[in-house]
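Me: I would like to understand how the words used for a protein model follow from their definitions. Could we go through it together, one term at a time?

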Amino acid sequence: MMTIDPAKSIPAFYAGQSIFLTGATGFLGKVFIEKVLRSCPDVREIFLLIRPAKGLDVNQRFEKMLNLPLFDKLREERPSSFKKVIPISGNVSEKMLGLSDEDKQMLIDRVTIIIHGAASVKFNDSLKYAILNNIRSTRDICILAQNMKNIVALVYVSTAFTNVNKPFVEEKVYSPIVNWKKMIDMAESLDEHTLNVFMAKFLDYAPNTYIFSKNLAESTIQEYSFSLPCAIVRPSIVTSSIREPFPGWIDNYYGPIGLYIGGGKGVIRVGYLDRSCHNNIVPVDIVIKAMLVVCWKLGLTTFTKGSNLFVLNCVNEKRTTHEYDIDMCVRLSDEIPLEGTVWNQRIIYTTNFTLFYILTMLLHVPPAILIDWVLRCSGRRPMAIRLVRLLYVVNCVTYYFSSNNWEYSNINKSFLTSLIPPEEQKMFSFDYSAYDIKKYFKNSIIGGKKFLLHEDLNQLDEARVRRQRVHLFSTVMENIIFFGMLWIIYKWIFL
C-alpha cells in the first residue's frame, strides 16, 4: 500500500493519531467529532472527556449524543467509525480533570493530540467556578500533556474576545490581567463569597468572569508552550454550520441565536444593543476546519523549546452590522415564519439602559403575566415570566459585545489556507469570504426551526396565516393601548 506524505495530505496526518477531546458534548465538540470521523477516516481513536449530568451517566450521555441528526450522514456513510470514539468519565471543574488513575495512564500512553475545548461559556458564572473550570483545567491539561511521550499537538480553543481592551487584536498572547497561578491558588483556598468581594478589582477591563478566565487560560498555554507544541484558536461568536455536515446545524440558544428566535416569535419587544455595531459571527464548521488545519501544521513542525506560540484569530472578515442582520431576519421571516408567534416583530432597540429597563417593564412583563395566567387556567405550566427574565439577563450580559467593535489580524489565516493541498481545499479550507450572507441566514433559520424548535417545515403556510392574524391582533391592541393612554393623559391634564 502506498503511503501518503502527511505534509501533503491532512487526512494522512491524522491517520493513526489518538485524539483526546475535552468539551466533547458541547456545540464545537460534537461537530469536531463528526468532521474528524468523516474526513479523516483513518484516525486511530478519539477519547472524549464526559461528565455525568442530568441523571445520565457517561455512557448514556455518549449514546444520546451519537443519536443526534448531526451524525446521520456519518451513520449512513461510515457506521463502523463510531467504534473509534471512546468516552471517559471526568470533569474539568475537578482537580486533574476528575480522571481515574487508570484512565489517566491510558491517555498518557496513547494520546498524540489534545484538543482542549471544554469551558463554561456562561458570562455570569461566579469567579471561583470560572477559575476552576476554565483556568485550572487548562493547567491540568498541560500537566497531563507533559507526561505524554508521543504528543505532537495541543490546541486550545479560546475566544476572539480575550483582549477586549485592544481595538486591534493581533495573533499573539498579550500580558494577562493578573497572575493565573495566584488566581488558582486563591480559588482553591477561598470561598466564593470572599472571592466575589474582590471580583471587580481582579476583573479589571474584562466585562465578565468568562472573558477574564479565558484571558488567563491563554497565558497558561503560553507558559507551557515552552515545553509543549501548543497553539491557540480564537473563534468569535460561533453559530450555525455553513456547509458541513449540512447547512444550518445548531443545537443551542447561546448568543444571538436565542435573541433572533425570541424576536421571530414576537416574545422580544425590546433590544439592548447598538444597531450600528458589527456582529462578528463565524459558522461552527469553519471553526472546526481551522482547528484541524492548525493541528496539522503544528504536528508537522519540529518542536523546539522556546518556539513561538501559534495563535489564530478565527473571525468573520465579511462582517455585517446588527441592523443589517436584524433586517435580514425580519425579511426572511416572511418566507420562513416561526410557529406559535405571540406578537408582531416590531422591536425597539436602545443603548440607554434606563430606557431599556423601563420598556422591559412596560412591554415584556405585563404580556408575560397575561400569558402565564392563560397557561395556568388551561392547566399548563407558566413559563413567560421566566422567559422574560432570561431574555433580560441575556440582553444585559451581551450588551458589551453588541455595542463595541474590534478589528483582528488575519495573517495566520492567509498563511494556513495557502498550505492546504489544492485537492483538499474544499474539505478543509476555512476561508469563507465569498459566502452568500442571505443564503446562510436562511439556512440558519431553517436549522433553528428543525433542530431547536422541532417545527415542521411542511407547515409554513399555517405558520404564515397565524403570523398574519397575530400581527393584526397585536396592531389593534397596540393602538387601543396607545389611544387609551392618550385619553388618560388628556383627562389627567385638562379635567
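Reply: Let us begin with two strands, where strand β4 (residues 113-116) is joined by 4 bridges to strand β5 (residues 153-157), the two running parallel. This is a predicted model, in which local features need pLDDT of at least 70, side-chain atom pairs count only at pLDDT 80 or more, and totals for chains, interfaces and linings use all residues. Residues are numbered from 1 along each chain as its sequence is written, and side-chain values use heavy atoms, with hydrogens and water left out.

Me: What makes β4 and β5 a pair?

Reply: Two strands pair if DSSP finds at least two bridges between them, a strand being a DSSP run (E, at least two residues) numbered from the N terminus, as are helices (H or I, at least four residues). β4 and β5 are joined by 4 bridges, so they are a pair. Within this pairing, Ile115 stands opposite Val155 in β5.

Me: Why are β3 and β12 called edge strands?

Reply: The open sheet has 7 strands with parallel pairing, in the order β3-β2-β1-β4-β5-β7-β12. β3 (85-89) and β12 (310-314) are its edge strands, as each pairs on one side only.

Me: What is β7 joined to, and by how many bridges?

Reply: β7 pairs with β5 in the parallel sense over 4 bridges, and 5 bridges join β7 to β12, again running parallel. Val157 stands opposite Val233 in β7, while Val311 in β12 is the bridge partner of Ile232.

Me: How do you know that β7 is mostly covered?

Reply: Buried means under 20% relative accessible area, exposed means over 50%, and partly exposed lies in between, with a 1.4 Å probe and protein chains only. In strand β7 (residues 230-235), 6 of its 6 residues are buried. Cys230, Ile232 and Arg234 point one way, whereas Ala231, Val233 and Pro235 point the other way. In a regular strand the side chains alternate between the two faces of the sheet.

Me: Why does Arg269 count as buried?

Reply: Arg269 has 10% relative accessibility, and because buried means under 20%, it counts as buried. Arg269 is placed in the loop between α11 (256-265) and β9 (270-272). Contact means heavy atoms within 4.5 Å, and, not counting residues up to four places away in sequence, Arg269 touches several residues, among them Trp343, Leu363, His364 and Glu478.
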